[in-house]
Structures are given as C-alpha cells and as structure tokens.
Amino acid sequence: MASPTIHSLAQTVIERFNANKMMVATAESCTGGLIAAALTEIAGSSSVLDRGFVTYSNEAKAEMLGVPTPLIVEHGAVSHPVAQAMAAGALKHSNADVAVAVTGIAGPGGGTDEKPVGLVYITTQRRGKDAVVSKELFGDIGREAVRQKTVIKGLEMLLGQLTP
C-alpha cells in the first residue's frame, strides 16, 4: 500500500489528468511498477492510466520500449539518455499523452563511484514536447526509501507536465 503522500499525489494525478482528458504511460525499472500501482490504487484510474511497462532488464528496455542497445552499452542502463529513451518508447508504444520513466540504483548493492546507490533518473515527456529529465541523488538510504522517493518525484513530475 502506498504512503499517504504517494496516495495523495496519485489521487491528484488521476484527478488532474482526468480533468484534462489525458492519459499516462509508465516505464519503470528500479521501481518495478510502483508508480503504476500507486495510480491504480485510485478509483477512476482506468480513465487516466493507459499502460505500464516494467522493464527491469536491459533486454526488456530494448524489446518493449525500443531503447537502442548501443545506447545502453555506451551510457549504462542508469543514465540520462536511457531514461529519456524509455519515456519516448513508452509514448511510442502506447496511446498515452504523457509518459514517466525511471531507472536507477535502489541498492543495497550495485553502486559504483560514478553511479552510487540512490542515483535515479526520472523522465517525463508529453507527446510532441521535449522530455524533462531529473537526476536524483537520494543517497544510500535503503532500497525501499529510494523506491518510495522515486515514486513521489515521478508523480510530481507528471503533474508538472500539465502546465501548457
């Protein structure tokens, strides 16, 4: 079950996107579908959530979202270009007006000096507009906390896509 903050944000996303007659798609790696789950906890979410992609592996990112494998090889799965390509792929493979994509290192392991635990890239993109990418350094605060903070930031960024 989502935290009260997540639940409240998800409810606002559903209400505002519904009022604007807009649909959302999610492309999630480190959150494993938590953004889509938060949205579907809200009654009426079917009028807003078109679909969600859980693309945890590099192969899934390439196969389901069309992220070019050379992009992943060159920059790594946890990178600005891959997050941006995930959002673009979610739009291409859905009927959504806006996509949110997340890729990161939730921990406890897997971090490096260049890409530490708690590094997350979150991208939102509205069809026909430039993507907005946020690089978050949440720190080594625990896997659950990194994932929860990522969901909150992703929902906030979705709301930011509603301004003209």
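Modeller: Two strands pair if DSSP finds at least two bridges between them; strands (E, at least two residues) and helices (H or I, at least four) are DSSP runs, numbered from the N terminus. This is a predicted model, where local features need pLDDT of at least 70, side-chain atom pairs count only at pLDDT 80 or more, and totals for chains, interfaces and linings use all residues. Residues are numbered from 1 along each chain as its sequence is written, and side-chain values use heavy atoms, with hydrogens and water left out.

Colleague: In which sense do strand 4 and strand 5 pair?

Modeller: Antiparallel, over six bridges, with strand 5 covering residues 132-137. T123 is opposite V133 of strand 5. The two strands form a hairpin with five residues between them, and G128 in the turn has a positive phi of about 80°.

Colleague: Which residues touch the most other members of the largest nonpolar core?

Modeller: In soluble globular proteins, nonpolar side chains tend to be buried together. A nonpolar core is a set of buried Ala, Val, Leu, Ile, Met, Phe, Trp, Tyr and Cys residues joined through side-chain atoms within 4.5 Å; buried means under 20% relative accessible area, exposed over 50%, partly exposed in between (1.4 Å probe, protein chains only). Here the core has 30 residues, and V13, F17, V24, I35, L39, L155 and L158 touch the most other members. Among the elements that each supply at least two of its residues are helix 1 (4-19), strand 4 (119-126) and helix 6 (143-160). A second, separate core has 16 residues, including A27, I72, V82 and A90.

Colleague: What does F17 touch?

Modeller: With contact taken as heavy atoms within 4.5 Å, and residues up to four places away in sequence not counted, F17 touches M22, V24, V48, V98, L158, L159 and L162.
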